[in-house]
Each structure stands twice: as C-alpha cells, then as structure tokens.
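Subject: Structure for you to look at

Hello,

Here is the structure I said I would pass on. Please open it first, then read the notes below it.

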Amino acid sequence: MKTLTINGSSQKIDAPDDMPLLWVIRDILGLKGTKFGCGAGLCGACTVHLNGTAVRSCQTSFAVAAGGVVVTIEGVTATQTGSKVKSAWQELDVPQCGYCQPGQIMSATALLAVNKAPTDSDINTSMAGNICRCGTYDRIRRAIHQAAEN
Amino acid sequence: MVISRRQFLRSGAVLGGGFFVAVTLPNLSIAQTITRTGTGAFGAGFKFSAYLEIRRDGDVILTIGKSEMGQGTLTGIAQLVADELACAWSQIKIVQAKAAADYGFPHNGFMITGGSSGLRTEWLRMRKMGAAARLMLLQTAADKWGLDRAILTVADGIISAPNGQQASFADLAEAASKQVVPEDPPLKAPEQRIFIGKAIQRLDTEQKILGTAEFGIDVQVPHMLTAIVITPPHLLAPLKRFDASEALVRPGVRAVVPISTGIAIVGDHYWAVHSARDAVQIEWQDSPFTGMDMDQLRSGYRDALATTGKVAEAKGDVDLASHARSVVLEMEQPYLAHACMEPMNFTVWVKDDSAEVWGPTQAQSLVQNTVARIAGIDPNNVTVHTTFLGGGFGRRSAQDFVQSATEIALATGQPLKLMYSREDDMRAGRYRPFSQTRAVATQDADGNFTSLDVKIAVPSVSKWSGLKFLIRDDGVDEQAVEGLVDLAYEIPNTHIEWVDHDPKIPVHFWRAVGSSHNPFVLESLIDELAFAAAEDPLTYRRKLLSKQPRYLSVLNVLEHESDWFETLADDKGRGMAIVKSFGTIVAEAVEVRLVDGVPVVDKVTCVVDCGVAVNPGQIEAQMHSSIVFGLSAFLRGEITLSNGAIMQSNFHDYQPLRIHEMPQISVHILEGDETPGGVGEPGLPPILPAVGNALYALTGKRLTRLPFVSLV
C-alpha cells in the first residue's frame, strides 16, 4: 500500500509498482477526467501535475509517483491559475470534441505557473506535446494569452 | 449543458411519456403523447414527446439523437428549436437520445451522424417543432386570459399581454399539452431570429473543461469487465493456436477467449489486460496479405486503371472535344487513419432477449443491427446509449469494434468494455482508401476548357460500410466519385469513370470521404489548365464559374481577403482551390514556404458559403478543424504495408499537426438565406490542392502523390 495525495486528499492505494499513474487515477481512483490517448508519452492527453510539474501520467509509474502530490483536471480548476485558465477556455469556447482538453489545460496551467506572460513561441514550445485532432490550437493559444492577462 | 441520461432519470423525469410528462412525479405536468401521422411538416409518425419537454421547473429538455464528436451538432440543433420556441437559452438542457427511429433522418428513420448532415437534415423539422410548441403555449395563455393570441408577445420563455399579465412556459406547460398541435406552423422571417445566426457558446463546453464529460472510454457499469483484443500483425491472419496459461495467472486477468478478429484478454481493468498481451503465446496462420507491400499494391492499382469501370458521368463527347492543348495528371493518394484522440472502445451487455450498449458511436441504427445479429436478438431490443465521442471523422460509424465487443460480451455473460490501445487503433483500423487517378483535361486554342476525362481506381466505402443506400441504382458508389461529378465548372464534355478496385484492406468513411481525395486531383488540374492558358488561377476559375453567382461571390471575397493579386515575397508561393461538398462552398488560399525542403504553410484564407450560418463561431471552429486535419494528411498522413502488416503504430510514425505548425487562419463566412449546408467536412477538400497549387507556384513542380515527400 502506498500513499498518494490526489487533489488535496491523501489516499492509500494498492497497485502494482509498474502500473502507470494514468491507470491508477482512472481505474483505481475512478477519476475519469485524465484521458488515455497513446500510452507512449506522445499525445499529452494524460497530463497531470506531479509535485508541481506537468508529467505524462502514462509514462509515470505508480512507484515513482507514490508519496507525491498529484493534481488532475478535477482539482486544477480550484487553483487560482487553473481558474483563470478555465474562464479563458470557457469564454473562447475552446473545446470541440473535448477529449484532449484536460491534458491541454493541465499543460497550460503548468506553463502559466512558471511563465506569467508567455509569448506565442513559449506557448508553442510548452504545448507542442499536446495533440488536438480537432485542431483547436488557435483558440488554445489565445486562451492562454487571455488567462495570462487576467 | 448536456446532461446524462442517468442524471436526468435521477432527477425524476419519466422519458418518452409525452410532450409534457406524466404527473406521477413532482414538478412535472400532464402527459400527452403527441403522434403525428401522415406527412405534413414533420413527416410520418413524428413524436414531439421524443424530442421536447417543457418542465414545470422551467427546464426545456431537448432530446437529440445526433452524435457529438466536436462538430457542435447538439448546440446547433438546440439553436434551431430555441429560435422558434423563444425560450431563454439558459433554460435549455440537452439529453442524448437512445437509439430509436424517432431520431433517424426525417426521410428514412435511419439513425446515423455523418456526411455533415445533422443540422441541415433537421433544419426544417426542428424549427417547425419549436414553432408549434410556441403557438400552443401562446394559445394557452390567450385562452387563459380571454385575449386574442395575436396581441400576445413571447420572449425568454415568458408570454406577455399588453395589459401587463405574464406567464412562463413552465406555468402554461400542463395546459398547453392539451392544445391541438398546429399542422404546419409558419416560421420566422430571418430578421426575427433570436439564436440562429449567433456565435452562441456551446452547451457542452463547461463539462469538457471540467473533465466531467463522459466519453465511451469512461463508461462504468456495475459488474463490468474490460477487454483488449490481440489482432494478428499480418492483416487478417486466421488464428492457428494459442496458449493462455501464463496470462491467466496474472493478477486481474479473468479469461482469454478467441473471437473472430483475434484473442481477447478479459479482466478487471485496462492495465491488467493490456499488460498481459505478451503472456499469451499465439501462432497465426498465413495472412491473405502475406507478401503485400506498397509496390505490389501500386501495381494492382495501375492494372485496375487499365480496365473498364462504371461510368459515373458522361456529358457531350470527350473524344470529339477540341484537344488543342491537353493536360494529364496521374495521381496517387494514400490510405489514411482517422487517429481520433479517443481510441476505439465500446461497452456491451448481452442479456436474455435484449442487450444494452454504451459508447462513442456515430451509427446507432447499425449498432442495433450488429449486436442483434451476433446475439441472435431483435434489433429493437438493443438499447444504445451514446456518449460523447473523442473525435469521430467517420471512424465511429464502423461496426468492427461493436462486433468484437459483442462477441466478447457473449463469451463472458457480463457487461464488457472493449478498449483499443493506440497501436490497436492504428493497426486494426478502417482506413480512408488508397486511390490512383488518371485525369485528362483539354483546352481549345483560346484556352477554353473543352473536356474532362477522369478514371479513378478506388474501393467502395459504401459497400464496406453496409450503407447500401449510398450506392446508385447503376452501381456507382457516390462516395468514390464525389468531387468529380456534377461540377459547377462549365465543361461541355465530361467522362468520369470509376474502377471498383478493392485490395481488401478494410476501408471506411474518412472526413470528407471522396471529397478528401478527388478535389486534390481536380483543383490541381484546373491550375494546370490556367497555367497552360497563361492565366491567373483565380481569374481562370472565374471564367469557368461565370454562371455561378454563389461561387463568384466566394471567389471575390477570397481575392480580397487573401490579397490574391498582391506581390508575394520571393520565398513564398500562393495557391488556391474552391470546392463544393456536403452542400457548402469553401474556397481557400494559402501562402507556403519551403524550409529545408519541407512545406510550411504560413497563412490560410478560408471563405465559406453555407447558406444560413446558424452558429458562426462553430463554423469558424470547423473550418480550423478541417484545415488542420487536411494539412496533417497533406504533410505526413500515410498508412503503409510491408509484408501484409501495417507499418504505423502510434503518433511517432503517424504524426498529426501540432500547435507550433498551426498556420494563421482567417475564416470569412458569407451571409446567406439559403438552407444551411454542412460545415463539419467542407473545409477539408480545398486545403490539399491549395497547398499543392501554392507549391507549384513557388517551384514550378507539380505534386502528384501524397503525402508530401519531396518536390523532384
């Protein structure tokens, strides 16, 4: 049994050491907001915050995450930065199918936590790991700028 | 907001009972099942009760049967109803409909979402329904107050009389349900519209931001097991033998069962079954595709092009047309994967005489048939719950994953969620077909376009999909030739022929279908003709479209907004294309550079004529979406085979566009009054030839093969 603090709540979890954090979150904790897209760290859909940094949870083993602090999409909008991102995402009507959006929002929030006024180039670099097949990239970029301005 | 069926039922509503629901529970009003028979505005057997419910607490519940895959159909259709009904937008709550003929196309009751058809097939019916309901509510108020209905006004769900009396829809709903339903209510004039034409925010945005929107992959039902299927690396190789003993002892693995497409590992959750793949020892027989590689595939297509196909269109006589100048293009376009962000999945529970299924499907009617056929039950006893779709692009109307899930569910006797890994999704897919096309266009000495002679070798997606109504009586699959026939260009002689060449690699609809590949050929050809006649490509098209005012308007806006005739920097090329598909005309102009020999698209100007623009914000979003999807295909999209095995497996070797590759896109929507055309797909067909044409303008080299490899 190992402990994870997930969205502010400490949980004792029984899972194999090599089980990816993504599946611990989705299938043991039952939090479905974090999405599975590729299982190979290529698409960003599974992005969560571990100990303050954005990570791809499909590439993070339970053993590595254990004892740490995890924030998922279910918890991030309660933070100040997360709340600004949520408002900007809402105002600009960013999501289309919405499947990649939790991962996009987690990456965006992590960017804004360390860079209060990112340029287009900063955004492109930080967000390049998050694929959107619906192509809502333009609104993602504008929403990040808007969240930064507020 | 879009509420789930479970939430809705928990809140106490009884569904399907009537226009206004039975007074057996609090907050609800008296039922009347309103069934229309005969034709009239709504069509035979249309049930209000299936679609619209006005509750005493003020909620206006709309049950909509279109699959939401990002194209905004739920919000768009809600706008149609609300516009005529004149409720407040905040009253609207959407419920995703279960499968039923009530939610099928008005003309045939078939329930499917595709072909950019949702809003435009519901354009009339949904507005008529809203108008009828509004009139019934108005009449109720008029009766109640002893006033003439004509002097009452309605706004935001409140009916007002000149003397200051007011009543809300909620107040009136119960009594209104007893009114006679107007047979054919008049609709508003365009200037009276409230919600149609506005860039209203989507009703599903908040859930998708919070992560609470339920996709197929998120479905959880009690006693559910999860499965993955190991499919043969060489396509469709039958199973020889397998040994599951090592896999069965792994924690969380419950069973290993062979099904028609491979070996299913069934267990408690995805990781338990996915991580057990290597523990199953499998021997496959020879695949029917053993030895097939791209050279062999190509030569099969070349041979097919030398045969006689079915004539899809023949105007005048191409042999007699003036051939003063002739342009020939032989083009090849690849298999493409859909690569939806949400991998394929489906949840099936087979019971005694019925089944209940959940998941991200585009084709509810087909799902009922598939499950019924495999389980040996009546299709009407298959309850289909549709979730949000993490992308569709046509892939999710296929039945392969539904079939597999049903087979496994039958074997286990419990609710069963089948999940695909990304590798499964990429390799055990249904692809946009590979095609080869030979196109010959001729001009007379004055540069007039005299004939178009095209032969295309491509398999029939309609046959593969089971949607036979898409095949013409003469046997021509419309999907194979769309974008080559019924052209608006003035061409006196045409001969369009289709060779149904089928290498048997599974194929299916892919965004824009035949219009995903045919316009690349045609619009490249038009540019070749323009250059042959020493004319600017946009000017040349104007001449060919001189009798088509809507096309001319689109070209005018394109010229203006793209600065078409302005001088461009030496390192940039400019190209354009104009295509009508799914009832909508889209023209795109692009500016492209070459960086280390690879095209970089800097700017796209997109002009849309879709008739009435129901939600300009969503139209813009869909244009962006289609352009990005098309550019991904142009630059890097290709599914290839080697010795009968598909080469690509994940996003490292099938690479969609990422945010840093996003061009600057401006979308210009023309105002129109005509019946709306679709918007989910029409932005895609022009982008591929526009980039090809831009590269030609820059380099003088014509791309005849996609994806882009090099300009040699």
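A salt bridge here is a side-chain nitrogen of Lys or Arg within 4 Å of a carboxyl oxygen of Asp or Glu. By that rule A:Lys86 forms one with B:Glu206, where the closest N and O atoms are 3.5 Å apart.

Some ground rules. This is a predicted model, in which local features need pLDDT of at least 70 and side-chain atom pairs count only at pLDDT 80 or more, while totals for chains, interfaces and linings use all residues. Residues are numbered from 1 along each chain as its sequence is written, chains are lettered from A and ligands numbered from 1 in the order in which they are written, and side-chain values use heavy atoms, with hydrogens and water left out.

The interface

Taking contact as heavy atoms within 4.5 Å, 48 residues of chain A touch 53 residues of chain B. The two chains bury about 4,300 Å² between them, 60% of it on carbon and sulfur atoms; buried area is the accessible area (1.4 Å probe) that two parts lose on being put together, summed over both. Four salt bridges are found across the interface of chain A and chain B.

The aromatic rings

A pair of aromatic rings is described by the distance of the centres and the angle of the planes. Rings of Phe, Tyr and Trp (its six-membered ring) pair if their centres lie within 6.5 Å; planes under 30 degrees apart count as stacked, over 60 as edge-to-face and the rest as tilted. The whole structure has 15 aromatic pairs over all chains.

Why is the pair of A:Tyr99 and B:Phe215 edge-to-face? The ring centres are 5.2 Å apart and the planes stand at 85°, so the pair is edge-to-face. This pair crosses between chains. Both A:Tyr99 and B:Phe215 are buried, meaning under 20% relative accessible area, with exposed over 50% and partly exposed in between (1.4 Å probe, protein chains only).

B:Tyr335 and B:Phe434 form a tilted pair, 5.8 Å centre to centre with 50° between the planes. These residues are 99 residues apart in the chain. B:Tyr335 is buried, at a relative accessible area of 1%, and B:Phe434 is buried with a value of 1%.

One aromatic cluster is made of A:Trp23, A:Phe36 and B:Tyr270.

Charges over rings

A charge sits over a ring if NZ of Lys or CZ of Arg is within 6 Å of the ring centre and within 35 degrees of the ring normal. B:Lys351 lies over the face of B:Trp349, 4.3 Å from the ring centre. B:Arg702 has its charged end over the ring of B:Tyr696, 4.6 Å from the centre.

Regards

Notes
Helices (H or I, at least four residues) and strands (E, at least two) are DSSP runs, numbered from the N terminus.
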